[in-house]
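Hi everyone, thanks for coming.

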Amino acid sequence: MSDSFRDEVRAWLAAHCPPSMRVAPPEISHLYGGGRRAKVWHPDQPAWCAAMASRGWTVPEWPVEYGGAGLSREHAAILREEMRRIGAQQPLFSFGISMLSPVLFKFGNDDQRRRFLPDIARGAIRWCQGYSEPNSGSDLASLMTRAEDKGDHYLVNGQKIWTSYGDEADWMFCLVRTNTSVPKHEGISFVLFDMNTPGVTVRPIKLISGASPFCEVFFENVRVEKTNRVGEEGQGWAIATYLLSHEREMISSLGKIRHDTDPGRRALEIFGTDGEGRLRNASLRQTLARYQLDAAAFRLWIEHGERHPSASAGMGAMSSAVKYYGTELNKRRNELYLDIEGADALLWDARGPAGEAWARNWLRSKGNSIEGGTSEIQLNIIAKRVLGLP
Amino acid sequence: MTLPLTEEQEMLSRSVAEFVADRASITQFRAWRDRTTETAFDSALWREIAEMGWCGIAIDEAYGGSALGYSGLALVLEQFGRHLSITPMNATVLAGATAISLMGSETQKTSWLPAIVDGSLTLSLAWGEGAHFAPFAVATRAEKTAQGWQLSGVKHHVEDLSSVDRFIVVARESGRPGDREGLGVFVVPHDAKGVSVEATPRVDARQCGTLTLDDVVVDDGCRLTGVTSVALERLAGVINAGLAAELLGICEETFARTLKYLKERSQFGKLIGSYQALQHRAAHWFVEVQLARTIVQEALLALDRARDAEGYRQADMLCSMAKAKLAQVAELSTNEAIQMHGGIGMTDAFDIGLYIKRARVLEQAYGDQHHHLDRLAALEGY
Ligand SMILES: Cc1cc2nc3c(=O)[nH]c(=O)nc-3n(C[C@H](O)[C@H](O)[C@H](O)COP(=O)(O)OP(=O)(O)OC[C@H]3O[C@@H](n4cnc5c(N)ncnc54)[C@H](O)[C@@H]3O)c2cc1C
């Protein structure tokens, strides 16, 4: 049964995935994000996304009515494997899929699911995440952006920061304070609004990697209908943390999106071997082996979880473990590439054999252990929620 | 997110845990350590273990085993690791029976494996000759004679050597130390003329020592028929996966005991587990143990599944990975365990400090992390 599905997937991909979409983009931010103002890094990206969406394969496990293909976990895994086999580019890189959709499925109402999910599946609307504020980063629950109750709507005032793709997104899912007279975790609500709403101002911030995919976002009397609040008033913190566990999984898998050059082979090309076929630089050889060992163990750990749902039951807090280790590993990998490529990797526009933007990716990887909750915060969560420490 | 056990494995693991807690726990370890006899293991305990059927877990049904594979045997080893149980399981079953299973003829398997399963035959593999595992650096000679084979040489760090019935000796039939080919494997009775043993105390309170073979003569039937460099590497792979399983038990036990201590011990008026410096190290340690379990499981599965050259190649690689990773994580585990216990962790009376000694012995056996990382790099082609 699975084999015939695999054959079908393989044949379809062979027919519909153009060669240009069988390579990873030089940076993750060059994946197609969709939306009303879709930024196209390669002219074939929109058609590839549309073709995949027509099969429901941008969100293979979602129900068909919301734009998915209703695939079982096993079939979705087969689809992923077949895509990986040919190096197919992820057709849609979307916070709507990875972060907001789990929230809508669990906490949203039918009307919200119908209104938002199909557009997310097709990549018609792009979403950004309004969580962090200048004075509320790790201590997210201290956030100050106010939402004043005006009967059928809220008026939102305040500021968000580090909003990834805030300048390209169409809508924002946003944490706001709806009640200031209760403990900080209890006065938060989760709302959705169009970035075109009057009173929303976006200002891009440049990253050390030279790109500027994140922004400051200011709110001045922004009107948000109450029908766009997900869950109950004051339920925002529970929703926020539920979303964060999905965000962490997404971030820790970022390292897997690129199909980078094999570091061992690359090191051999650059350094050559000693008389006995070993990489000439013994210290680099050891660093490489240690990295590859940990990377293999990590990959298998994730795969065991994917293959055996019961093994990943209660993943909520475990997603912190995955995020922590995966992002630290990704940073190690980028440092390793730098060691291998040497001074060449520090040229802004240097590209690796698979088109990797060495310098930019290396710099960007430093953010992996900050975004979505820092490594230190993940360790706090593991200590408290998994290990039960006081 | 580590793999769930099958029902059969779950039952096995539970019955081993119960048995070991009762019959081969740290209390028994201490009593045995402080014994005055020169025997290597408690043979009454070994008979009981054999009666439970655990010696035959990874042995084919044709020879009296239960064919549950190395994944099954590893569950036993893991519990032995948790309780520091002293048994001849590693020497006799993991190394000895595997050598015969992998390289013995039908006749050889029929004559020895059933006796291993029922506990009546104990073995020890005499392979290494130095302080670092080097599978082909074998100088011990095997010369063909009219009567069979004549062996001479010296083997170091041979386990359980005063008490086992036979030694499985790796010796060189041709070539020079270091050559991949030219090795033979011989099953040598302990009481053969020219065999002498000398036990040496080791940090983990197990017995090991030097085996000297002085023109020992064995007949042709004692020479395993299927010895190749690849088969020897496969044997080392199985042994390393098994040792990794025992190390996993040590990692999990030291972690569990330390976590408990973090929740009991107070300083400065607070539980020490409330200090972030310790919380973060405990959390990191936890993740490493998860990865350790994953890689051991994967190596064992690969061994049990391997049917062709590609399968064996993958298994071989994963066994080296498992051993390297477990050596690292066991080092982290046993070091952190002592540190987080403070002074009491350094005392002989308190159990936590016992684990580090067993862990280092297991790490060194059949290649430490450097050996296996070096091997990994070579297998990866760099
Ligand atoms: C590339 C990138 C993209 C991002 N995208 C988004 C986005 O789309 N939307 C959004 O809302 N936010 C986004 N963020 C923001 C991110 O979530 C925050 O940066 C993060 O939560 C940390 O907050 P902070 O920057 O205020 O640092 P701080 O919280 O001030 O932390 C500073 C340092 O103190 C440490 N620290 C803080 N508290 C503790 C503690 N209790 N124990 C131990 N150490 C502690 C931290 O680990 C860190 O090392 C993004 C960040 C980056 C880097």
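I'll talk about helix packing and then about salt bridges.

Keep in mind that this is a predicted model. Okay, helices. Two packed helices are described by the angle between their axes and how far apart those axes are. In chain B, helix α4 (residues 69-83) packs on helix α7 (residues 229-262) at about 40°, with the axes 7 Å apart. That angle is why we call α4(B) and α7(B) oblique to each other. The crossing is right-handed. Among the residues in contact are Y70(B) and L77(B) from α4(B), and V238(B) and I250(B) from α7(B). Sorted by class, this contact has 8 nonpolar, 3 polar and 5 charged residues.

Now look between the chains. Helix α9 (residues 282-307) of chain A meets helix α8 (residues 276-305) of chain B at about 80°, axes 9 Å apart, so α9(A) and α8(B) are roughly perpendicular. W301(A) of α9(A) and L291(B) of α8(B) are among the contact residues.

On to salt bridges. Side chains of opposite charge can pair when their charged atoms come close.

D374(B) is partly exposed, at 34% relative accessible area, while R285(A) is buried, at 8%.

Another pairs K325(B) with E288(B), at 2.7 Å. K325(B) sits in α9(B) and E288(B) in α8(B), so this bridge ties together parts 37 residues apart in sequence. K325(B) is buried, at 1%.

Definitions and conventions
Residues numbered from 1 in each chain as written. Chains lettered and ligands numbered in written order. Predicted model: local features only at pLDDT ≥ 70, side-chain atom pairs only at ≥ 80, totals over all residues. Heavy atoms only, no water. Axes fitted to C-alpha atoms, helices over the stretch in contact; angles between N-to-C directions. Helix = DSSP H or I, 4+ residues; strand = E, 2+ residues; numbered from the N terminus. Parallel < 35°, antiparallel > 145°, perpendicular 65-115°, else oblique. Left-handed = near helix turned anticlockwise from the far one by under 90°. Contact = heavy atoms within 4.5 Å. Nonpolar A, V, L, I, M, F, W, Y, C, P; charged D, E, K, R; others polar. Buried < 20%, exposed > 50% of the residue type's maximum accessible area, 1.4 Å probe, protein only. Salt bridge = Lys/Arg side-chain N within 4 Å of Asp/Glu carboxyl O.
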